[in-house]
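Subject: Handing over a structure

Hello,

Please have a look at it first and then read on.

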Amino acid sequence: MRPSELISEITGGRMDACIKKVYVTDSAVETQKPRYIRIIQKFIELFGDDRDVIILSAPGRTEICGNHTDHNNGKVLAASINLDAIAVAAKNNDNTVREKSEGHGMNNVDLSDLLPDEKYFGKSAAMIKGVAAGLKNSGYSIGGFDACTTSDVMGGSGLSSSAAFEVLLGTAISYLYNDGDIDAVTIAKAAQYSENVFFGKPSGLLDQMASSVGTFVTIDFKSTQNPLIKKVDFDFEKSGYSLCIVDTHGNHSDLTDDYAAVRSEMEDVAHALGKNVLREINADEFFKSIPGLVGKVNDRAILRATHFFNENIRVDKAVTALENNNFESFKQIITDSGFSSYLYNQNVFTPNNPTEQKLSLALCLSQQILEGKGAWRVHGGGFAGTIQAFVPDELLDEYRQTMDAVFGEGSCLVLIIRPVGGTRVM
């Protein structure tokens, strides 16, 4: 379908059902339609109206349980959300990807050269090349395409804006050159490969996997090459709760060492016990070994390892609670996860700037409002950024007003857990 024809389909309401399958609610459909029309019009402006195009979407993700476990081959529970990256795309015959993101310049990526280059680290063009290289390495067809994209997944929010963009690219290649047959796990692995090797950012597979697979998903990274992935059957819309992410607008500068220390200290414990990562160690063996670890590794490393082993257990319990429709137990598990992150993993504020504790403040206020009623925890990498809360619908206005009053208007985002990951929206 040509871009102008697609606009007519959207304005005429004939795409509403397709859009609702992705964004869940009627109000969300009405919010999305102008956004889709805007990037289609941009595509016409840049690339013309004479080719068939497709529309694609890849979601941000929220980590539900399993804070800082994936990098040591642990377990996580995550979910895709309504905030997403979208694209309108069409094949070209140039073996070049021309991608224009809203608010950014045009990327021109020649697919005949699929080698990483350090001078492009941190640039979106490197992501494009890396995803294409990853899928080609997996035996899939690649080729040039023209695309206009936009994203409402906020950078630095812990909602994984970069993973959404990478999965969007993989989904585009899947539908344009492989009849939509590239599975979600392969796309996620190509996205991670792109981020690690081409973009220059070491990361686990959680973000890309949650974005690509979609809905509630639990992932066991015992084997990083073949992680165990299971969708979790739970209808959150009927729970009577809202999922909130609070952006505390903390200072994200100079946190690289803090993030790296979580992983390295966990691995220090593993190395002291003759293994590479904590997942290779039996939990009982670890706890029995603590007396011998004291003095070999620092005390915080032992605390962070304690968090890792207990957090894996909490993930299993949280999945079971959702599958049994036991939301009361689920809330307590999530709150316990948050306290473990605060006390043992210690990623709620940076020790380099201990007087700035916006995450701690947000968690404190959440406890005041939600104790005995909801759940709250640090979200994502921590040290700055966002917290997560499950808020009873009857307390949503109070919670949102409190958080916005402290951290600024619009700081509290109410999210929808969407039922699909990277997808074609037609």
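This is a predicted model: local features need pLDDT of at least 70, side-chain atom pairs count only at pLDDT 80 or more; totals for chains, interfaces and linings use all residues.

Residues are numbered from 1 along each chain as its sequence is written, and side-chain values use heavy atoms, with hydrogens and water left out. Helices (H or I, at least four residues) and strands (E, at least two) are DSSP runs, numbered from the N terminus.

**Helices around α10**

In the contact of α8 with α10, A261, V262, E265, M266 and V269 of α8 meet R300, A301, I302, R304, A305, H307 and F308 of α10. By class, these residues are 8 nonpolar, 1 polar and 3 charged. Here Ala, Val, Leu, Ile, Met, Phe, Trp, Tyr, Cys and Pro count as nonpolar, Asp, Glu, Lys and Arg as charged, and the others, Gly among them, as polar.

How are the two helices set against each other? Helix α8 (residues 256-272) and helix α10 (residues 299-323) pack at about 90°, and their axes are 8 Å apart. Axes are lines fitted to C-alpha atoms, for helices over the stretch in contact, and angles run from 0 to 180 degrees between N-to-C directions. The two are therefore roughly perpendicular (65 to 115 degrees; under 35 is roughly parallel, over 145 roughly antiparallel and the rest oblique).

Helix α9 (residues 283-293) also packs with α10, at an angle of about 170° and with the axes 11 Å apart. That makes α9 roughly antiparallel to α10. A283, F286, F287, I290 and L293 in α9 meet I302, A305, T306, F309 and N310 in α10, and this contact has 8 nonpolar, 2 polar and no charged residues.

**The sheet**

An open antiparallel sheet is formed by 4 strands in the order β9-β10-β8-β11; strands pair if DSSP finds at least two bridges between them. At its edges are β9 (375-379) and β11 (412-415), each pairing on one side only. On average, neighbouring strands are turned by 25° against each other, direction ignored. Between β9 and β10 (residues 386-392) there are 5 bridges, and R377 stands opposite Q388 in β10.

Helix α11 (residues 327-345) packs on the sheet, touching β8 (241-247), β9 and β10, and its direction makes about 40° with that of β9. Helix α12 (residues 358-370) lies across β9 and β10, at about 10° to β10.

On a 1 Å grid over the protein atoms alone, a cavity is a set of points where a 1.4 Å probe fits but cannot get out, and a pocket is an open set with protein on both sides within 12 Å along at least five of seven lines; lining residues have an atom within 4 Å of a point. Grid points are joined across faces, edges and corners, and a volume is the space filled by probe spheres set on the points.

There is 1 cavity of 30 Å³ or more. The largest cavity holds about 50 Å³, and its lining includes T248, F349 and K358.

The second largest pocket has a volume of about 390 Å³. Of its 18 lining residues, S101, H104, S124, S151 and F165 are the closest to its centre. Helix α5 gives the largest share of the lining, 4 residues.

Best wishes

Definitions and conventions: Contact means heavy atoms within 4.5 Å.
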